[in-house]
Structures are given as C-alpha cells and as structure tokens.
Amino acid sequence: MHNLPQGYEEQMKRLLGEAGFFAYMRALDEPVSRALRINLLLRADGTPPCAIEGMADPVPWARGAYFVQDGARPGLSPLHEGGLFYLQEPSALSAVTALDPRPGERVLDLCAAPGGKSTQIAALMQGRGLLVCNEPVPSRAQILSRNIERMGVRNAVVTCAPPDLLAPRFEAFFDRILVDAPCSGEGMFRRQIEARSEWTENAPPGCARRQLEILHQAARMLAPGGAMVYSTCTFNDVENEGVLTSFLQQHSDFALEPFALPGLPRAEQGYVHLYPHQIRGEGHFVSLLRRQTDAKSSDSHGRADASPPPANMSALAADVLPDVFAPGCAPERLYAAGDALWSLPEGICLAALGGLRVLRTGLLVARREGRRVVPDHALAMAMRPEEAARTAALSREQALAYQAGEALSLGDLPPGYTLLCHEGISLGWGKQAAGIMKNHYPKGLRRR
C-alpha cells in the first residue's frame, strides 16, 4: 500500500522492531511537517514584525523556528523574498543546533546546498566571524549562493569545490564543521513519494563510501578542540552508525560527544535518530564529534588566515557609498574585483581562495554598469533601514508590485537610490527620479 521496496521494509523492521515499524508506516500517511525559521540577523528575538500565514507553535529544538500549519502558503509573502524567514523541514533544524555555532568563530558547511543550514548557522553567528559554505555541484551551488544573498548574510564565502580540494587550503582551520552528507534520502519518503521507488539495497553502501571520504577531508580542516556534526536525512545504520564507526577507527583524535536538544531524545552516545513517528518532522540522523585539543595542527594553518584586502576601492567606492549609506554605516574591508566592489569577511585572505571556484566572497556591495555604479541587490538584503541614506516604507500591495518589477509612485521623495522596505524589512533598491520610484529589483527574481 505504501509502495516501499521489500528490502527497505525489512531494514526498517530490523531497526525499529515490529511495533515501531507499524508506527512508522502509519506516519507515512500523515501530512508532511513543515517549519519556518525567522532570520535572526533581522529579528534577533526570533519573532516576526507581523503575522505570517500558517505560523504556529515554536519548534523546541531550533531558536526562532515555528511549525507551519498544513495547507498554508507563507512563501507567497513579500517578506519571504525579503529574507525574513526560511522554509525548512523541522527535524533538519536539529543539526545546526547540535553544532552550536557562535559569533566570531570560523565555521564550514561542507555540503551546503540549498542553504537552509548555512543560513541557520549565519543567523546564530550574528554576522561576526567567518562562514565558508561549500557545494560541489555547480547548479546547486548557484541556489546556495542565492539563498545566502536572500537571507542577508554578510560574512559568508560560497565555494563550489570537492572537499579534497578545500582540505589542503584549510588544514586545522575551522572551529566548527557541519557535514550534512548526501545520502540515500530515506527521510524524504513521506514528502517525495517518488523517492520510494528509487531506493535500492545498493544505495546505502554506495552512499556510505562517499560519506566516509567526505568526513576524512572534513577532519583535516577541523582545528584541535573543534566540533563537527555529521548528519543525514536517512535512517539506515550503514550510512549512520556504520560510517561513524569506520571514521573513528581511522581517526583516533576524534570522539563522539553526548548532547541534548530541547524536545528531542538525549544523544547519550553522541548521536540520535529522529523518526517521523516520534517527532514532528520527516526524520534525521545527527551526531556530534569532537577533535582532541592536543591533536597536531598543520603548519599550513596560516594559509587561510586574514590579511588586509587590496586597497583598490578607488572611484568605484567613492561613486556609490555617499549616495547609499547613512553616516558611519558603510561596510569595511572593501576591495574591487573587476567591475564589482566587495566587503570581505574577517578571518580570510583572498590568496587562500586562489584557484577555487568562488561564487561569493562576503558581501557584494556595488557593480559598475557602463558609466554608472549601482548598489547591488545583495547589499540591500543585508542592510537594515537605519543603515541606509534614504528609505521608503511600502504597503503589502506595493511590496508585491515592486517584487513584480513595477515602478511605484510614492509621492515627493528626495532623488537617488532608496532602500524600499515592508514591515521594517529591506526588500531591495529603487531610484527616485521625476516623482517616480524606478524599480531596481533584479529581473531574475521578479514574481508574477
């Protein structure tokens, strides 16, 4: 009746026992669990500035996260595109909570697309420190980069590289690493019914080999005393406990560390299984590893360390900054690369990124377009209204019209670039001229 492969059913009976198996099967008939996570970069208390459709009770194990009522469509709100919240599967929120990233640290999300966990990490870092988000698949890396932009993250470097290319550049560099590894996806069987027929008994062992290699490379990049979370959205013990056992046999300087998250079973052995018949979520596996403090640190540690960015702001910065920022609010560590002006995060130097495919090096501030210099949409998404030289508040109807690419008539406003906001949340740039607010919302993002 559930169209599950026989081998998968036998696996789940072995893992859950008869009673647990039938409870799991009943859970597959229940509605999919959804959550939204308020962007703590914009709302530090984790509460929205206004009502969001379908937002219900809090998710206990993730700060600023709330369950979403069945059938609700909060993604239609202009505030979703404004980066106020990210729609996410509830149990997946547990991995970043277990990682516990903090402001000022160096953090790596090694398998980061589409960006839910990366932006959750960024929110907990509060814009301080360095976040490197990596996705080896180019098309998925583009999606990751767009979500980093939408959520207004200033201190992220987005790369597209295999882990073995990153490891030599970042030996023993990061304080915390998240490895949310590609897996056989058994936790998606409720929300993606077609995934059930794609599962084979060969999938878990094949995934486990790749996961173990990713963990080997991640281990090279973790500093002594650092923490690493290994997580999957699958249930089998080949990809979960099996991978951890093999990894620990080869890395004596690592050990599993017990942890506890609110509303979830305690991870006494350093890992926890989350099943859809036991929690409000689709399912996840989360483990926490710690590297010994006396582990040997590589001499190449300094290759990725911070150094002053190139001082080549020149006319590009002078053209745009006075027209856009309130006094004292311009970003620091600026450098020009071609026709683009960037703000580089602390804790990284450009030399460490040489030869890598890099989609984003911090915050894209402005671009030169012909003879004009225009502030970038990424800058608008990262700014708060009080940081802008000029702002204008939009109603919901005006916000939707703006995101559809329409020009607006907002009355007699000063000319120049204006940060357009809805409910105190930045949406993007407009430029007031001749009584009309010209639309500078990116064409590729415009909504019907």
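At 40% relative accessibility, does E423 count as buried, partly exposed or exposed, and why?

Reply: E423 counts as partly exposed. The reason is its relative accessibility of 40%. Buried would need a value under 20%, and exposed a value over 50%, so 40% falls in between. Keep in mind that this is a predicted model.

Now the setting. E423 sits in the loop between β19 and β20. Strand β19 covers residues 416-422, and β20 covers 425-433. The backbone of E423 has a positive phi of about 55°. E423 is not a glycine, yet it takes that positive value.

Q126 can be read in the same way. Q126 is not a glycine either, and its phi is positive at about 55°. The place of Q126 is the loop between α4 and β6, with β6 at residues 130-134. Its relative accessibility is 27%, so Q126 counts as partly exposed.

Helix α4 spans 116-125. The loop between β5 (106-109) and α4 holds P114. A cis peptide bond joins A113 to P114. Its omega is about 5°.

Next comes α5, at residues 138-150. This helix has 13 residues. From first C-alpha to last, α5 reaches 19 Å, close to the expected 18 Å. Several of its residues are buried, among them A141, L144, S145 and I148. In an α-helix there are 3.6 residues a turn, so residues three or four places apart point the same way. N147, E149 and R150 of α5 are buried too. Just after α5, G152 has a positive phi of about 70°.

Now step back to the whole protein. Its secondary structure comes to 12 helices and 21 strands. Of its 448 residues, 57% count as buried. The C-alpha atoms fill a box of roughly 70 × 55 × 35 Å along the principal axes. The radius of gyration is 23 Å; a compact globule with 448 residues would have one near 22 Å, so the two agree.

Last, the surface and the charges. The accessible surface comes to about 18500 Å², and carbon and sulfur atoms account for 50% of it. There are 46 positive and 48 negative side chains. The centres of these two sets lie 6 Å apart.

Conventions
Residues are numbered from 1 along each chain as its sequence is written. This is a predicted model: local features need pLDDT of at least 70, side-chain atom pairs count only at pLDDT 80 or more; totals for chains, interfaces and linings use all residues. Side-chain values use heavy atoms; hydrogens and water are left out. Helices (H or I, at least four residues) and strands (E, at least two) are DSSP runs, numbered from the N terminus. The expected span of a helix is 1.5 Å times one less than its number of residues. Buried means under 20% relative accessible area, exposed over 50%, partly exposed in between (1.4 Å probe, protein chains only). The radius of gyration is taken over C-alpha atoms; the globule rule is 2.2 Å times the number of residues to the power 0.38. Accessible areas come from the Shrake-Rupley method with a 1.4 Å probe; for residues, only the protein chains shown count as cover. Lys and Arg count as positive and Asp and Glu as negative; His and the chain ends are not counted. The place of a charge is taken as NZ of Lys, CZ of Arg, CG of Asp or CD of Glu.
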